[in-house]
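This briefing looks at aromatic rings and at the charged side chains placed over them. Please keep the sequence and the structure at hand while reading.

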Amino acid sequence: MAQVETRTYYVGTNTWLSTTVDSIAKIKVPATMTREDIVPKPTTMPEGLEGLCHDAWSWEEQELEPDFAQIEIGGIKNRTVIFHPTWSRGTVAVRATKPLDSDGVHYWEIKISERLFGTSMMFGIGSAKTRLNLYDFISVLGENEHSWGLNHRGVLWHKGVEQPFTEPFAENTSTTVGLLYRRGTLSYYKDGKCLGEAFKGLENYDGDLFPMIASTAAKTEMVRGAALREYDSLRDRCRALISSCVSEAEDLEKLKLPSRLIKYIKDSHPT
């Protein structure tokens with residue numbers, strides 16, 4: 001009898017589902033999602049950042065070469081990425097749909113399934129110049145001056161230079177990595193514990209920087225958990241307050257507001 005392979009998917013509210021279904025596209029998102037599913041709570045809240053608001057971004061879809069290893073993006077609000085669903089022929093990176101404010105404050109978390117192995121699983125930031133797929137097994141976030149990253153072996157990378165930073169992540173254990181970008185510095189957290197500041201001077205980079213993840217390992221999964229940011233103006237703070245009072249983005253149309261203002265609020269609404 002042929003062996004049936006079991007795969008694990010994140011299905012919301014810190015729940016991982018083991019199933020023989022072979023594609024995230026076939027996993028049904030719960031019909032009734034909790035507020036925590038839509039706006040995940042952080043594993044930890046870095047000191048002094050209690051006043052941040054929800055940041056609305058997901059993972060950017062991309063086209064890969066037909067014969068190259070693929071990725072699947074889906075799940076709740078397209079926050080889940082499965083790297084190399086069948087086998088791996090190299091390295092794939094994924095970029096967020098929204099850049100960081102270089103002079104702002106951002107905190108986001110990446111939930112990783114138990115499949116922690118391979119040459120390099122990475123978490124960091126990079127520009128539009130960062131390579132997204134290549135026929136090689138490398139730590140792509142940090143291979144040059146356009147990205148910065150930490151891999152699951154506990155090593156930092158930037159400009160092709162590696163630097164030990166923390167203990168390697170335990171295999172066969174679900175892990176949550178937190179990243180704090182604060183006005184040009186990047187710090188890391190692991191399962192709620194601060195690992196310290198990893199990089200600085202990022203505000204001097206000439207161009208937009210995005211949250212990024214990458215993996216060389218087959219059938220590995222990462223999920224964007226909580227994502228928070230600093231308000232950039234009083235107008236932004238008012239937008240966040242209105243957004244928090246409306247359950248569905250479609251309901252904003254019922255407000256007697258100018259269409260341009262409704263669009264502005266929708267841009268930050270979690271649904």
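Predicted model: local features only at pLDDT ≥ 70, side-chain atom pairs only at ≥ 80, totals over all residues.

A charge sits over a ring if NZ of Lys or CZ of Arg is within 6 Å of the ring centre and within 35 degrees of the ring normal.

**Charges over rings**

- The charged end of R239 sits over the ring of Y264, at 3.9 Å from the centre of that ring.
- R95 lies over the face of F210, where the distance from the ring centre is 5.7 Å.

**The pair F123 and F169**

- The structure holds five aromatic pairs, and one of them is formed by F123 and F169, which are stacked with 5.9 Å centre to centre and 10° between the planes.
- Because F123 belongs to strand β8 (residues 121-126) while F169 lies in the loop between β12 (161-164) and β13 (175-182), this pair ties together parts that are 46 residues apart in sequence.
- F123 counts as buried at 0% relative accessibility, and F169 is buried as well, with a relative accessible area of 6%.

**The pair F165 and Y188**

- F165 and Y188 form an edge-to-face aromatic pair, with 6.1 Å centre to centre and 65° between the planes.
- F165 is found in the loop between β12 and β13 and Y188 in strand β14 (residues 185-190), so the pair ties together parts that are 23 residues apart in sequence.
- F165 counts as partly exposed at 21% relative accessibility, whereas Y188 is buried, with a relative accessible area of 0%.

Technical notes: Residues numbered from 1 in each chain as written. Heavy atoms only, no water. Phe/Tyr/Trp six-rings, centres within 6.5 Å; stacked < 30°, edge-to-face > 60°. Helix = DSSP H or I, 4+ residues; strand = E, 2+ residues; numbered from the N terminus. Buried < 20%, exposed > 50% of the residue type's maximum accessible area, 1.4 Å probe, protein only.
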